[in-house]
Structure formats: structure tokens, C-alpha cells
Amino acid sequence: MSCELVERDLSAYLDRELDIDAATAIRSHLTDCTACRRLVAEREALGRLVRSAPYYPAPERLRARISARTSRSRFAGRFLPWAAAATVLVSAGIGVTVMRLAAAARPAMVDQVVDGHVRSLMADHLFDVQSTDQHTVKPWFLGKVDFAPPVVDLSSSGFPLVGGRLDYLSGQPVAALVYQRQKHTINVFVSPEKSGDAADLVRSARGFHVHHWDREGMSFWAVSDLNDAELTQFVRALQTS
Amino acid sequence: MASQLFEETVLPHLDAAFNYARWLTRNDSEAEDVVQDACVRAMRFFSSLRDNNARAWLLTIVRNSWYSRVSRRKEIPESTAGDHDPGERPDDALDPEERLLQQYTVARVRSALEQLPVDFREVIVLRELEGLPYKEIAAIVRVPIGTVMSRLSRARERLTTLLTPSDSMGRLP
């Protein structure tokens, strides 16, 4: 590989967007080329410098304005049209508060799911039962929770089941199923469905992706640091299994 | 309910939307207008969000909102130096030296980024400040991945020139 080629692909190389062959070729060129190594070091320094540029978060007043708009449309949608005019006046105050409280319940659950995921990775307590065999994992839950979580191995879709454990969310015992995708861990928390919890949900929090859905009386929460496309693929595989 | 889902799927990306708009417009109040426009559109077309990538979807709408404002004003997206906000100049003599230096660096980086043509600036912002993969950037900017790659590469060359002091022997710090 020539220095010109390295220079051409340097950006993609540093962004880890090159395929593995091209990246390997550059890496081996770098071991013998001082000039290109210096170029890489320079570009890395440039990256650090550029990332020190200001990040502009949304101003609070903008966030409030947009939240008020969505709350208003929700409020207006719930009541008869004659209430709409009154809603505009009310939503600035009481309406917004009430609706925001209602909307706050599920995000709290998202936080708990992410906490549960992080806890399982940090405390080195990923499994109570470590097995890739669904016929070992499923019976293990018998007598530990008062429901039978559906347990399927998804190795054929590229998401092998690696184990399960008993966990707690909102103070309730839940079955945690653990799947693996390369080095990424996916936790799926399963519990009996609760009323008022029905809508599907996709959310990101603290760098983790969370999917929620209900099926056959069970409530599912899948969480992982896996990229969203692959987690979506996983969720589909699980839903159609 | 759709609006609740909207709050949960789209609003978490409001910071990303504003940051992107702010770098496109280089102006606070205009960025607010762009993001507000974008959110109104996003609410209206929320049902068209098919895949689960709400962030890329919202950023695409932000870009469209910005673009339609700019073209309404018949303004060609600039490719020359932008205005400098005097507010960030490190002019407080009471600050410790290090703080001054840091402020100075940030101001220089900001000004270098603002001097980039908008086609280059947006890919740098999406890549370096949002950390998006090329595929997502390509979807937002609506160009092939190869174009994202070459724009990033040229933008970085340009930034290297802009940020390398011409009056000293030093390269990048």
C-alpha cells in the first residue's frame, strides 16, 4: 500500500469505517512508515481539538415550548373539540403538569431497565443459570417466579442465549434472559403484563437502547449497548420466534 | 397515544437537533426557529417514522427546515468566513492563564469550524460532535456514503490548515 492510498483513506480509517481488509493494510503500512504515522498522530490531535468545539444543547425555553405543544395536542386529542379553546388557556399551567406526570411513569421504567442492565454487568452477576440450552434455562425459573417466561435460543439468528437470572424491577421479581451478540450483552426482562403499560416503546438512555413490547400477557424489556439496528433485528427475531 | 410516543421517541434528540441547527445557522435565535419548525413538521409526520432511528429522522427534518428557510430567503449557503461572536473572546484579564488559553483554543476551533463551507461543516459536526456513523450521516445529508467520506476527508484537511498556526513552527497542539 502506498502513502497516497493511506492519505486518501485516513479519515475513514480513524473513524473505524473501513472494512477489515483495508484497515489491516493501513495498519501494516503504518508499522514501517514514519511519515504516515506522523500523519495519523496529527489527525488524531485534530480530532481531539475539533471535539473541544462547543456543543449547543437545546435551550430550556425551546424545550418547554415544544413540550407544551405536544402536551397540548395530546390534551386536545383526548377531549371533545369544544374543549380545545379552553385547553389552549389551561395547558400553559395545569394541563401541562398533569400530562407530564402521566408521561413520566414509563421513562422511569426505562431508567430502571438500564440500571438493571448496568448492574448485571458491573456486579458480575449476569447469570444464575448459565446455559445455552433453552430447556435448561426455562425450567430453572419454575418455583422462582410465578409465571413461565418464554425462553428461546436465537443462535440461528446470530443471538445465542447464554443464560438467565432472577432480577428485580420496580420491586417486582422479573425473569432476566441473557443473550449475546459478539461482545455485546443483551438483557431481556420478562414479567407479567401490567395494565396501562401497553404501548410499544423504543428509547435510548445513557448510551443504551431499550425496546419494550407486550406479547401474550407478558411484558418484555430488551436493553443493550448494541447498535439500534441490530437490537431491532434481535427484537424482531424474538417476537417472531 | 401518538403525542406521548412523540415525546418519548423524538424529544430525547432535541439537544442533537439544536446543536446541528446551531452549527448550520451559526446563530442562536435562528437555530431555535429552525428546530421549532422541525418539531412541528416532525409531529405532523410522526406516523411516517418507519424505522426506529428517530435521531436520524429528526436531524433530516431539521436539515430540511433549515434548507427551506435559506432558500426562501434566496440565500446561497455560504462558503466564506462567518461572523465572530465577540462574547467568547478571551478578554477577561482576571482569568488564570490556563483558562485563557483554553478559551482561546475553543474560540479558535469554533471559528475554524464556522469558516468551513456548510457542506463540510455539517459532516464534521455530525461525525465529531454527534459521533454518528457514516451511514446515518449519509441518510441525513442525503448523499452517498462515499461522498460523506470524501467530504470528511477534505473538511479535515481544511481544518488542519485553518488550525495550524502559520506564524510558528509548531503543528497542532
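Chain B and chain A bury about 4,500 Å² between them, with 57% of that on carbon and sulfur atoms; buried area here is the accessible area (1.4 Å probe) that two parts lose on being put together, summed over both. This is a predicted model, in which local features need pLDDT of at least 70 and side-chain atom pairs count only at pLDDT 80 or more, while totals for chains, interfaces and linings use all residues. Residues are numbered from 1 along each chain as its sequence is written, chains are lettered from A in the order in which they are written, and side-chain values use heavy atoms, without hydrogens and water.

Let's walk along the interface. On the chain B side, 48 residues are in contact with 46 residues of chain A, contact meaning heavy atoms within 4.5 Å. Seven salt bridges link the two chains (a side-chain nitrogen of Lys or Arg within 4 Å of a carboxyl oxygen of Asp or Glu). One of them joins A:Glu17 and B:Arg127, at 3.9 Å from N to O.

Which elements of chain B supply two or more residues to this side? They are helix 1 (2-9), helix 2 (14-25), helix 3 (28-44), helix 5 (97-115), helix 6 (118-129) and helix 8 (145-163), where helices are DSSP runs (H or I, at least four residues) numbered from the N terminus. Helix 8 of chain B gives the largest share, eight residues.

Now turn to helix 5 of chain B. Its buried residues (under 20% relative accessible area, 1.4 Å probe, protein chains only) include B:Val109, B:Ala112 and B:Leu113, as well as the charged-type names B:Arg110 and B:Glu114. The buried residues of this helix pack against helix 3 (34-50) of chain A, together with helix 2, helix 6 and helix 8 of chain B.

Terms used:
Buried < 20%, exposed > 50% of the residue type's maximum accessible area, 1.4 Å probe, protein only.
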